[in-house]
Amino acid sequence: MSSRAQQRKEKRQKSASGGVKRLYLILGGVGLIGVVAAVYTTGSTVFSNAVTEPVDLGDLSDEELVNLAHGSELGDPDAPISVVEFGDYQCPGCAMFASGVKPLIELNLVNTGRAKFVFYDLPLAQHSNSFLASRASHCAGDQDRFWDYHTTLFENQFSWASSGDPVGNFVGYARALGMDEGAFRDCLNSDRHARRVSANLRLASALSLTSTPSVLVSRGSGAARRLPGNDYVTIEDAVEQLTEGEP
């Protein structure tokens, strides 16, 4: 990766992390660690050495947690409005959002510079392959293919969601996208990105986000608003209100 591309990637990650801090401060995280620490376990290594469950992050301070958690950003990092999704790759509703709503967000809001889109992992406990899918997406992100892989996971959700061992599916998608298969496989069959996904999950729990997709919007460092729905009209209306300065 070129130094310029690396700088852009670091800027996107820093901006997304800042968005998490704003969400945490606004939506409330008093007693954050004590509330949600019990849902975390040491990562499983069922599929070869691939970590498939949240890992124990230990006794992080609130500040350490919001620094560790960060999403994946699409669009201009300096866009005035943020549209934030906490999503689960194995959730059928998230697949519908990815195919029907996200393209409209990208076309009408992201590509026009009105907003940026940020995705945070929220792998639900009832979806056994979701945590590994989140890790796979970030392994793809190591090769600057996060969003391509993100789309591929949702498009092929039915194929891998019920698999007893989805590693082969995930590696196959990387191969089809022309990625470095060996590097991707090494990443997947490890614990890489497990702490990031676990931190995103813990933060979502602290923010009382228990269903997917959960969508929020915010303007700059202002208050984040959790939307009552995740259809495009609701999202665009919220962006328009924030653009016009309405609370």
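Modeller: Start with burial. Of the 247 residues of the protein, 53% count as buried. Buried means under 20% relative accessible area, exposed means over 50%, and partly exposed lies in between, with a 1.4 Å probe and protein chains only as cover. The model is predicted, so local features need pLDDT of at least 70 and side-chain atom pairs need 80 or more, while totals for chains, interfaces and linings use all residues. Residues are numbered from 1 along each chain as its sequence is written, and side-chain values use heavy atoms, without hydrogens or water.

The protein has 12 helices and five strands. Both are DSSP runs numbered from the N terminus: helices are H or I with at least four residues, strands are E with at least two. The protein exposes about 10900 Å², and carbon and sulfur atoms supply 50% of that area. Such areas come from the Shrake-Rupley method with a 1.4 Å probe; for residues, only the protein chains shown count as cover.

Now the sulfurs. A disulfide is a covalent bond between the sulfur atoms of two cysteines. Here the test is a pair of cysteine sulfur atoms within 2.5 Å. By this rule there is one disulfide. C139 and C187 form it, with their sulfur atoms 2.1 Å apart. C139 lies in helix α6 (residues 130-141) and C187 in helix α10 (residues 181-188), so the pair ties together parts that are 48 residues apart in sequence. The torsion about the S-S bond of C139 and C187 is about -80°, so this disulfide is left-handed. Both ends are covered. C139 is buried because its relative accessible area is 2%. C187 is buried too, at 1% relative accessibility.

C94 is in no disulfide either; its nearest cysteine sulfur is that of C91. C91 counts as buried because its relative accessibility is 7%. C94 counts as buried at 0%.

Take contacts, meaning heavy atoms within 4.5 Å. Among contacts between residues at least 6 apart in sequence, 76% join residues at least 24 apart. K102 gives a local view. K102 sits in helix α5 (residues 102-110). At 7% relative accessibility, K102 counts as buried. Leaving out residues up to four places away in sequence, K102 touches L74, F97, F117, W147 and H150.

S221 gives a contrast. S221 lies in the loop between β4 (214-219) and β5 (225-226). At 67% relative accessibility, S221 counts as exposed. The C-alpha atoms of S221 and I81 are 9.7 Å apart, although 140 residues separate the two along the chain.

Helix α11 (residues 194-206) has 13 residues and reaches 18 Å from its first C-alpha to its last. That is close to the expected 18 Å, where the expected span is 1.5 Å times one less than the number of residues. In α11, 11 of the 13 residues are buried, among them A194, R196, N200 and A206. S208 follows α11 and has a positive phi, near 60°.
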